[in-house]
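The sequence and structure are shown first.

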Amino acid sequence: MITSLSLMTGEIHTSTDKTLPADVGPGRVAWFDITTTNLARSREFYGKLFDWKFTPVQGTDQAVEIVAGGTAIGTLRVAEGKISTFNGVIYVQVADIQASCKKAKELGGTVAPGFPFNLPNATGAIGLVVDPAGHPVGMYSRAPLAPAPAK
């Protein structure tokens, strides 16, 4: 499972010790966030629509992990501010998070401040980029970032 996170605040919450997420392969969706203004209503809607289950995210009542077929696949979280058409984020698996962030910049995108960073428990690293049209796209690497060189 990937650790749940709130991209708006940069907070990371772990519900239990996590194991390394399934390797879905580079270029495939590995995780997603759905943002809502009403968590209870969205849980009911998606639970009934897709038969999703939900588990609490430790340390907050503003987010739950989405579970399908016994596997955590994403996060349902309360929006901070107005919902826009871009308030959901998918995370596409990449082989090298730093190289992918660099490539996104070369292609006219921007890397969101504070990204990329390692997830807790050595479960990988994530990056968040905004494409040239303004759409956020997350990237997930199973490999954590290398430690920063000592100064």
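Lys53 has a relative accessibility of 48% and counts as partly exposed. The model is a predicted one. Lys53 forms a salt bridge with Asp51, and the closest N and O atoms of this pair are 2.9 Å apart. Asp51 is exposed, its relative accessible area being 52%. The cut-off for exposed is over 50%, so Asp51 at 52% falls in that class while Lys53 at 48% counts as partly exposed.

Another salt bridge joins Lys48 to Glu44, again with 2.9 Å between the closest N and O atoms. Both residues belong to helix 1 and are four residues apart, which means that about one helical turn separates them. Lys48 is exposed at 67% relative accessibility, whereas Glu44 is partly exposed at 46%.

The relative accessibility of Asp23 is 51%, which makes Asp23 exposed. Arg142 is partly exposed at 24%.

## Overall fold

The protein chain has two helices and eleven strands. Read from the N terminus, the order of elements is β-β-β-α-β-β-β-β-α-β-β-β-β.

The chain has 151 residues, of which 41% count as buried. Among contacts with a separation of 6 or more, 58% are between residues 24 or more positions apart. The chain exposes about 8500 Å², and carbon and sulfur atoms supply 57% of this area.

In soluble globular proteins, nonpolar side chains tend to be buried together. The largest nonpolar core here consists of twelve residues: Ala30, Trp31, Ala72, Val89, Tyr91, Ala112, Phe115, Phe117, Leu119, Ile126, Leu128 and Tyr140. At least two residues of this core come from each of strand 3 (29-36), strand 7 (89-93) and strand 10 (125-130).

Val64 is part of strand 5 (residues 63-68). Is this residue, Val64, buried or exposed? Its relative accessibility is 4%, so Val64 counts as buried.

Apart from neighbours within four places in sequence, Val64 is in contact with Leu39, Arg43, Phe54, Thr55, Pro56, Val57, Gly74, Thr75 and Leu76. Val78 is 14 residues from Val64 in sequence, and the C-alpha to C-alpha distance between Val64 and Val78 is 9.4 Å.

Phe50 is in helix 1 (residues 39-50). With a relative accessible area of 44%, Phe50 is partly exposed. Residues of a patch need over 30% relative accessible area, so Phe50 at 44% passes that cut-off.

Key
Residues are numbered from 1 along each chain as its sequence is written. This is a predicted model: local features need pLDDT of at least 70, side-chain atom pairs count only at pLDDT 80 or more; totals for chains, interfaces and linings use all residues. Side-chain values use heavy atoms; hydrogens and water are left out. A nonpolar core is a set of buried Ala, Val, Leu, Ile, Met, Phe, Trp, Tyr and Cys residues joined through side-chain atoms within 4.5 Å. Buried means under 20% relative accessible area, exposed over 50%, partly exposed in between (1.4 Å probe, protein chains only). Contact means heavy atoms within 4.5 Å. Accessible areas come from the Shrake-Rupley method with a 1.4 Å probe; for residues, only the protein chains shown count as cover. A salt bridge is a side-chain nitrogen of Lys or Arg within 4 Å of a carboxyl oxygen of Asp or Glu.
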